[in-house]
Amino acid sequence: MRRIRSLRALLTAAAVALAGAGLSALGAGPAEAATPLPSHVFAPYFEAWTGESPAALSAQSGAKHLTMAFIQTQSPGSCTPYWNGDSGSPIAQSTFGADIRTIQAAGGDVIPSFGGYTADTTGTEMADSCTDVSKIAAAYEKVVTTYDIARLDMDIEVDSLGNTAGIDRRNKAIKQVEDWAAANGRTLQISYTLPTTTSGLAPDGLAVLRNAVQNGTRFDVANIMTFDYYDGADPHDMARDTQTAAQGLHDQLANLYPGKADADLWGMVGVTEMPGVDDYGTAETLTVAGARQVYDWAVSKGIDTLSFWALQRDNGSCPGGGAADGCSGIEQGTWDFSHVFEPFTGGTTTPPSNDFSLSLTPASATVAAGGSATAKVNTAVTAGSAQSVRLSVSGAPPGVTASLNPTSVTAGGSTTLTVNTTTAAASGTYTLTVTGTGDKAGHTATYTLKVTGGTGSGCTAQPWDSGAIYVGGDQVSHDGHNWKAKWWTTGEEPGTTGEWGVWQDLGAC
C-alpha cells in the first residue's frame, strides 16, 4: 500500500504556479520520490477519452500498469497540457487522480503519454505547440508531481517526426526535467514510442533518438509500434515481424550507444502490439497465439516494456470486423491478450499449472473448388487438470469457409473442422490456423488447404466507381486490391490517397 504524503498537495500547487515560469525554481525544493517501475513491465495503453475508469479496467483485466493516452494542448501555440486536449480535463487531481491513486495502492502505476496520432497531426503535441523549452519542461514536471509517477512517454509519429524544431525542443525540455529529478532524488524514466518498419526504425524515428543523444538527454526505453506497417507485404506474420523489428532497433541502439552491453541494449527495447486486426486490415492480424509467441520472445530477450493498443480493444465483440477502438476484430475471450502478457511484469516466467496440447488429423487436404474436407481437432491434458478450451479458426480466403463444431471442449476432447469451398475460390495453397484458448494457456495448430480448379480472383468487393459516394467502412476492389473507406468520399481513386488518406489498402486479391 502506497502512503500518500501530505507534501504532495503542496508540490502539486507549486507545480501549477510554476508551469508558466519553467523549472528553475524547482531545483531548490524537495521532490517526492515515486516508486520505480519494475525492470520488466506490461503496460497496455488506456484510451483516456472514453469516459471509462482506468482503475476499474485495470482491476478487470489484471493489467496493473497502464500507459494513459494522451496529453496534448488544446490548440497550436498553447503551452498548457490537457488530457486529450480537452480544457475540461486539466492536469489535476480532479482528472484521473482518484483512479491513479487506486492503481498505485494496488501495486501498479500509470505512464502518462504525451502526443499520439491526433496531437501529432494537428500541431497540438506539446513540443510542436509550445516554443518555450522551459514551459514544455514545466508541463512535463506538472504531470510528474500531480500524479506522483515514475515514467513519462512521448508518442511521436506522423507530422511530429518531421518537425525538427519540435524534436529539439522536446529533448531539451526532457533534459531539464531529468536534471531537476536527479537533483531532488526523484526516479524518472522517459520512453519514446515510435512507428517502425519490420527491420527497425525508419530514418525519421531514429533521428528523434539521435537528437536526444546529441542533447545529452536520457531516454530509457525506445518503444516501437509493431503494427500498421502499410508495406504491402501480405499477409504479415505479426509475431515474427515484432522480433525482426526489435532486432533492428537493438542494432540501431548499439550504434547510438556503442559502450552498452547487449543485455542493456535489449533492456532499452519496448514493444507495443495491436490485438487482432490493425488499421491496415486482416493481412496484419495478431492472434492470441501470436501474442504468446511475442511474450516468450520478450522474456527470452529481457526487453523492458510490453504493451498493446489498447486495453479497450481486448475483447472479441466484433469478430470478422476491422480495427476499432472497442474490440479486436477477431474471435477471442475478453482480456485474452492481457492475460497472456500479464506475467511479463517483474519477469515472471512460471508456466501455467494447467495446460493442454492441440493437433489436427489430418493436417492437410487438397480440394477441387466446390468441394469440402474435414479434419479432427484433438486436445489433450499435458499438465494439471482439464480446462475448458475455446476454439476458433482463421485464415480462410474468399470463396472458402471454415467452421468448428463444437467451438468449446474440455481438454481431452475433440471437435471437427469443416472446410467448404465454392467454384469462385481462387486456386492456391492456404494455411488455416486453429487456435485453442484456455484460462491461462493457449496453443495453435495449422491446416494446409490446397484448392484446385478455382475460377475466382479473390476480389469479392464491388469495383470502385468514380461517381459513387462511399462512407466509412464501405469496401471496393480496384487495381487488383481490396480497399476500405475510412470516411465519406467520392471521386478519390483508391491507391492515390496515400497511407493516411481515405482509402485503406486491404491487400491484393
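Predicted model: local features only at pLDDT ≥ 70, side-chain atom pairs only at ≥ 80, totals over all residues.

**Stop one: Leu432**

Which strand holds Leu432? Color residues 428-437 and you have the answer: strand β20.

Is Leu432 buried or exposed? Its relative accessibility is 0%, so Leu432 counts as buried.

Along the sequence, Leu432 and Tyr447 are 15 residues apart. In space, their C-alpha atoms are 5.0 Å apart.

**Stop two: the whole chain**

Zoom out and switch to the cartoon view. The chain has 12 helices and 26 strands. Of its 509 residues, 52% are buried.

Look at how the chain meets itself. Take the contacts between residues at least 6 apart in sequence: 68% of them join residues at least 24 apart.

The accessible area is about 19600 Å². Carbon and sulfur atoms account for 51% of that area.

**Stop three: helix α2**

Select residues 54-61, which form helix α2. Which residues of this helix are buried? They are Pro54, Ala55, Leu57, Ser58 and Ser61. Turn the view until you look down the axis of α2. The buried residues fall within an arc of 165°, so they line one face of the helix.

Next, show what covers those buried residues. The cover includes β2 (45-47), β3 (65-72), α3 (97-105) and α12 (336-341).

Step just past the end of α2 to Gly62. Gly62 has a positive phi of about 85°.

**Stop four: the largest cavity**

Rolling a probe the size of a water molecule over the atoms shows where empty space is left. How many cavities of 30 Å³ or more does a search of the whole structure find? It finds 2. The largest cavity holds about 60 Å³ of space.

To see its lining, select Ala43, Tyr45, Thr67, Ile111, Arg151, Asp153, Ser191, Val221, Asn223, Thr272, Thr305 and Ser307. Color the elements that give two or more residues to this lining: β6 (151-155), β8 (221-225) and β12 (305-308).

Finally, color the lining by residue type.

Technical notes. Residues numbered from 1 in each chain as written. Heavy atoms only, no water. Helix = DSSP H or I, 4+ residues; strand = E, 2+ residues; numbered from the N terminus. Buried < 20%, exposed > 50% of the residue type's maximum accessible area, 1.4 Å probe, protein only. Contact = heavy atoms within 4.5 Å. Areas by Shrake-Rupley, 256 points an atom, 1.4 Å probe, with all protein chains shown as cover. Arc of directions from axis to C-beta. 1 Å grid on protein atoms, 1.4 Å probe; cavity = no way out; pocket = protein on both sides within 12 Å on 5 of 7 lines; lining within 4 Å. Points joined across faces, edges and corners; volume = space filled by probe spheres on them.
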